[in-house]
Amino acid sequence: MKKNLAIILILVICIGLVGCGSQDDEDTQEVSAMFDTEDEIDEPALADSSEVIEGFIEEDSADDKSVIEEPEDSIDNLTADEEPEDIGLPLYEVSELDEPTIMYASDSVNVRQGPSTDFEIIGFLRPGRDVTVTGQADTGWYEILYNEEKAFVSDKYLLDEMPVLQAEAETTSETETEIEADMASEAETVSDSQPQDTAEVIPVVEVKNVAGVIFVGDSRFVQMKNSVGENPCTWIAESSKGYKWLNDTALARIDNCVGKGSKILINLGVNDPGNIQKYLTLVNAKAEEWTSKGATVYYASVNPVWENPYVTEEQVVYFNSQLQSGLSGNVHWIDSHTYLNTIGYKLVDGLHYNSETYQNLYAYYMSCM
């Protein structure tokens with residue numbers, strides 16, 4: 001009996017389990033049906049999805065390729081394109097002379113960087129100025145040495161022989177008269193900040209000559225020497241010179257004549273006002289050496305300029321202020337710039353003075369030593 005009851009109980013449990021399984025299947029089918037009808041998750045079949053994903057990958061790869069792929073112009077070509085463009089100056093060839101020769105300017109003429117008027121002006125020659133010619137360009141222009149560098153002058157303005165002095169004097173006199181007339185007519189329109197050629201020059205009556213003076217300078221000292229006539233000074237001066245000439249040439253000449261009691265007066269800078277630091281370093285070092293030998297060293301300020309194509313009064317004033325503040329205690333500063341502005345002066349070309357002004361300067365320098 002007990003055995004029969006056990007069998008019946010097992011049968012009842014099995015029937016119950018079968019019923020529960022059927023219900024779960026029905027629930028699963030209902031849930032599947034719900035998802036099949038939901039638009040938001042209606043996904044394509046696996047094969048289709050793969051095609052879509054693959055398409056996106058290919059498109060992204062194409063974009064990446066367009067970004068990282070080098071352009072037709074390589075980096076080297078781009079670098080070349082960034083180099084300065086050709087400024088269009090004409091090409092030329094120079095035939096060097098077997099030996100340098102001396103020639104003379106027949107008139108006032110510009111000195112240029114190249115052998116035609118297309119090139120920049122870097123200076124000028126006065127009538128009768130001698131230059132060393134080193135070659136001739138295929139344009140006909142002469143290659144010359146100017147400030148110890150190669151430059152060019154039109155062949156129409158260089159002569160093998162010195163021009164006739166009388167004709168030169170008449171031309172110079174007429175030119176100076178015209179320049180002075182122009183300056184006088186323009187004086188009223190010049191601003192207060194711009195240096196002017198003063199109308200009156202007060203003559204200096206007495207000149208105090210001092211023995212043992214060595215003047216070191218450029219064309220302004222060359223002309224001063226000619227204006228004052230016979231004098232007891234030593235003149236070490238050449239036209240169109242500056243720091244390079246002082247260092248390479250003038251110092252050796254100064255060293256040969258300096259001694260106890262010598263008075264060395266340097267006046268350079270109008271031709272190269274940008275070399276302030278070079279002047280300071282060189283002059284301070286040599287002043288210490290010369291002072292130890294018993295000499296006294298002076299530096300005279302660069303004197304006023306007027307309108308000219310080479311240097312401005314603003315550059316002159318700045319040069320003077322920087323040099324004065326930077327010179328050592330072994331160098332005595334002479335402010336001839338202020339002196340000329342006080343008594344008056346005459347400029348004949350914006351850079352150089354008339355004879356009376358040079359005589360005044362000479363007397364002033366002597367009075368300071």
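The legends below describe several close-up views of one predicted protein model.

**View 1. The whole chain and how it is described.** Residues are numbered from 1 along each chain as its sequence is written, and side-chain values use heavy atoms, with hydrogens and water left out. Because the model is predicted, local features need pLDDT of at least 70 and side-chain atom pairs count only at pLDDT 80 or more, whereas totals for chains, interfaces and linings use all residues. The protein chain holds 10 helices and 12 strands, where helices (H or I, at least four residues) and strands (E, at least two) are DSSP runs numbered from the N terminus. Of its 369 residues, 35% count as buried, a word that stands for under 20% relative accessible area, with exposed meaning over 50% and partly exposed lying in between (1.4 Å probe, protein chains only). Among contacts (heavy atoms within 4.5 Å) between residues at least 6 apart in sequence, 70% join residues at least 24 apart.

View 2. Strand E1 (residues 94–105) and strand E4 (residues 130–137) run antiparallel and are joined by seven bridges; two strands are taken as paired if DSSP finds at least two bridges between them. Met103 stands opposite Val131 of E4. E4 is also joined to E5 by four bridges, again in an antiparallel arrangement, and here Val133 has Ile144 in E5 as its bridge partner. The hairpin formed by E4 and E5 has four residues between the strands, and Gly140 in the turn shows a positive phi of about 100 degrees.

**View 3. Two loop residues with positive phi.** Asn147, in the loop between strand E5 (142–146) and strand E6 (149–153), has a phi near 55 degrees, which is positive although the residue is not glycine. With a relative accessible area of 34%, Asn147 is partly exposed. Ser240, in the loop between strand E9 (234–237) and helix H6 (243–257), likewise has a positive phi, of about 60 degrees, but Ser240 is buried, at a relative accessible area of 13%.

**View 4. Helix H5 and its surroundings.** The buried residues of helix H5 (residues 219–228) are Ser219, Arg220, Phe221 and Met224, and they pack against strand E8 (213–217), E9, strand E10 (263–267) and helix H10 (355–368). At the N-terminal end, Asp218 caps H5 through a side-chain oxygen 3.1 Å from the backbone nitrogen of Arg220. After H5 comes Gly229, with a positive phi near 70 degrees.

View 5. The whole structure contains 15 aromatic pairs, in which rings of Phe, Tyr and Trp (its six-membered ring) have centres within 6.5 Å, with planes under 30 degrees apart counted as stacked, over 60 as edge-to-face and the rest as tilted. The rings of Tyr92 and Phe152 are edge-to-face, because their planes stand at 75 degrees, with centres 5.5 Å apart. Tyr92 lies in the loop between helix H3 (75–81) and E1, while Phe152 lies in strand E6, so this pair ties together parts that are 60 residues apart in sequence. Tyr92 is partly exposed at 31% relative accessibility, whereas Phe152 is buried at 4%. The pair of Tyr353 and Tyr358 is also edge-to-face, with ring centres 5.7 Å apart and planes at 85 degrees, and both tyrosines are buried. One aromatic cluster is formed by Phe215, Phe221, Trp235, Tyr362 and Tyr365.

Notes: A polar contact is a pair of N or O atoms within 3.5 Å; within protein, one must be able to donate a hydrogen and the other to accept it, and residues adjacent in sequence count only if both atoms are side-chain atoms.
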